[in-house]
Amino acid sequence: MFHKLRSAALCSRHFATACANAGKNVAHRQINKLLIANRGEIACRVMRTANRLGIRTVAVFSDADEKSLHVKLANEAYNIGPAASQQSYLRGDKILAVAKRAGCQAIHPGYGFLSENVEFAELCQQEDVTFIGPPASAIRDMGIKSTSKHIMSAAGVPIINGYHGEDQSDERLMQEAQKIGFPLMIKAVRGGGGKGMRIAETEADFMPMLQSARTESEKAFGDSAMLLERYVRSPRHVEVQVFADHYGNAVYLYERDCSVQRRHQKIIEEAPAPGLSEELRKQLGEAAVRAAKAVNYVGAGTVEFILDKEDLSFHFMEMNTRLQVEHPITEMITGTDLVEWQIKVASGEPLPVTQEDIVKRGHAFEARIYAEDPAGGFLPGAGPLDYLSTPEPSDTTRVETGVRQGDEVSIHYDPMIAKLVVWGENRASSLQLLIEQLTNYQIAGLQTNINFLIDLARHEHFQAADVHTGFIDQHMATLFPKKVVPQTKVVQMALAHVLNERVQAGAGLGKKICGPFDGEYNFRPNYSLTRSIKIKLGETEHSVEMETNAEGYSVRVDGGEWMKVSVRRKPYNNRFLLETNIDGHVSNFNAVITGENIALFDENGMIGGEIVQPRFLSAEGSVGGVDVSSVTAPMPGVLDKLLVKPGDTVKVGTPVAVLIAMKMEHVLKAAKDGVVKAIPNAEGSNVRKGAILISFE
């Protein structure tokens, strides 16, 4: 579907814009070697298009990324420094030096890092290296949110009321906040990606939220300037993909709905936005094009709007002067390759289509797969991808990723593992495919949000397209219900454990992982054996008794009724599944066993458990849950600041430390009144999840 649509969309490639462009004098530059100034999935995605166009690619990598997928896929790769992005991926001077050394004509910045850095864009121009992005002036005008609001207002683009002034004193900001009223949004002037953004619900919240936003913004963007805006509760977040060339031509490629978010960051996106009339789509698109033309934009950009959920009025929020994370869903409904457009427009070619040539077809979803703990407040995680099995790519399914099985999600960068992109003839069919492919995206070794995404996609209000930015908070109870694991799943885990032991013993290969039970093995038991297995799910330990017989197994859980069980292996897509018949109920699952941990995958996602070995019981008892007598790291990260010292007296709720994880600041607070006893780690230390940071007497 993707390539067929792409061919149809580009059928006017003889450039209907030629007449309008005849008087323009734009230098054409052949790009045959391209440096990608990024990492992970976006670097891999840019390389795929570059390779198709016959362009050689150069990767850059930090010490932590030496063995990463983007390094392997590139024609050449160069180390640019330590793991910390400030010393590697944000070092524009190092990256430009590599580009010159490698003979690259252009640099593609991807998204994040230097993609919206004015100074880097200007430096590229000075060094005669093409920056695949908009002019530095457009990045500057749109990157400073206060400036962009004034420009948009003058261009006739609706804006939301707020304070965008230069006086950044606490007194002035408090005065303006009182004028706007509460709740209000505090935003970093140079912000993006939810960083440097806070909501002050009341006047009492304002100063703490302001200071926290400033600190996070300074770390992320090197600037602590803030703007204030009226906070619209539960709006929809709708954005328009625009594209412009050097000749004054600009088009829109319809809109995306990115309303469902956590921590002000998108988690699932769809295109086109549901429930909009064609007239409203046109109004949004034309407003976005006016915004682009107002700053003489060139390249791919996204104009974000706040859309009132009730009356569908819209207001300009910001413009992202780069390729967006969620650009694939626009490609899926328009049949385009936006990276190809970026490269060709940057080399001096005009847009390949006019507005009339762009036709949307079908519906697409993108789900962002993260290493994080949804039930724990979506705190980011890190760790090894011990097992990774993805859906099969096709014309209707794309897997955008930068990792492989065995790679590690690092504490130094964003915890996104992949983007799962699907297309269907309509929203319902596309959503059904998304759910199916999410169940086929199987990861073991670290916690992910896949189960949450499945529950979200199945939620009745999401199915009905009743979406807004407060969706997760509104439906918290139904999105995070208390789940009871059926006994059949405990039985399946015990079976997987037993069969895995037999496969390992039979194959004699000593594999670390036995996920789909790849080794050929006859599972039919031919001898009688009774054994007891303990399976721990969360805090509950289950005892499973299993007897083999001529027909299969007899199994009971926690002393309950005996169940008649049989099992066989069956092929499914790119893996093997186990099919069980438990008292007449037939179901399929995949299982992955890593040491004592077991992950079971079925149509509802993943269930994690632990195979309890008797020799470890006493040791496990000594590693109980952390109580309020200490403050521990809720995730892996860097201990950025210690706000107390031994001997200090603190009250419950007192901020005691600041942890930096995945480029975001997390303030840790005391859970009890007490006196600080010890601080085992120094500022700047890398700490693991659960590490004791501060203990109390």
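**Figure 1. Overview of the predicted protein chain.** Of the 697 residues in the protein chain, 55% are buried (under 20% relative accessible area with a 1.4 Å probe, protein chains only). The model is predicted, so local features need pLDDT of at least 70 and side-chain atom pairs count only at pLDDT 80 or more, whereas totals for chains, interfaces and linings use all residues. Residues are numbered from 1 along each chain as its sequence is written, and side-chain values use heavy atoms, without hydrogens and water. The protein chain contains 20 helices and 41 strands (DSSP runs of H or I, at least four residues, and of E, at least two, numbered from the N terminus).

**Figure 2. The largest nonpolar core.** This core has 68 residues (buried Ala, Val, Leu, Ile, Met, Phe, Trp, Tyr and Cys joined through side-chain atoms within 4.5 Å). Leu34, Val242, Phe243 and Phe305 have the most contacts inside it. Helix α11 (residues 278-294) gives the most to this core, with 7 residues. Domain 1 (33-132) and domain 3 (236-480) each supply at least three residues, the bounds coming from an automatic or database domain assignment.

**Figure 3. Surroundings of Phe305.** Beyond its neighbours within four places in sequence, Phe305 is in contact with residues including Val157, Arg236, Leu284, Phe314 and Met317 (heavy atoms within 4.5 Å).

**Figure 4. Helices α6 and α7.** The axes of α6 (residues 118-126) and α7 (residues 136-143) come within 9 Å and cross at roughly 175° (lines fitted to C-alpha atoms over the stretch in contact, with angles from 0 to 180 degrees between N-to-C directions). Helix α6 is therefore roughly antiparallel to α7 (an angle over 145 degrees). Val118, Ala121 and Glu122 of α6 meet Ala136, Ile139 and Arg140 of α7.

Technical notes: Buried < 20%, exposed > 50% of the residue type's maximum accessible area, 1.4 Å probe, protein only. Parallel < 35°, antiparallel > 145°, perpendicular 65-115°, else oblique.
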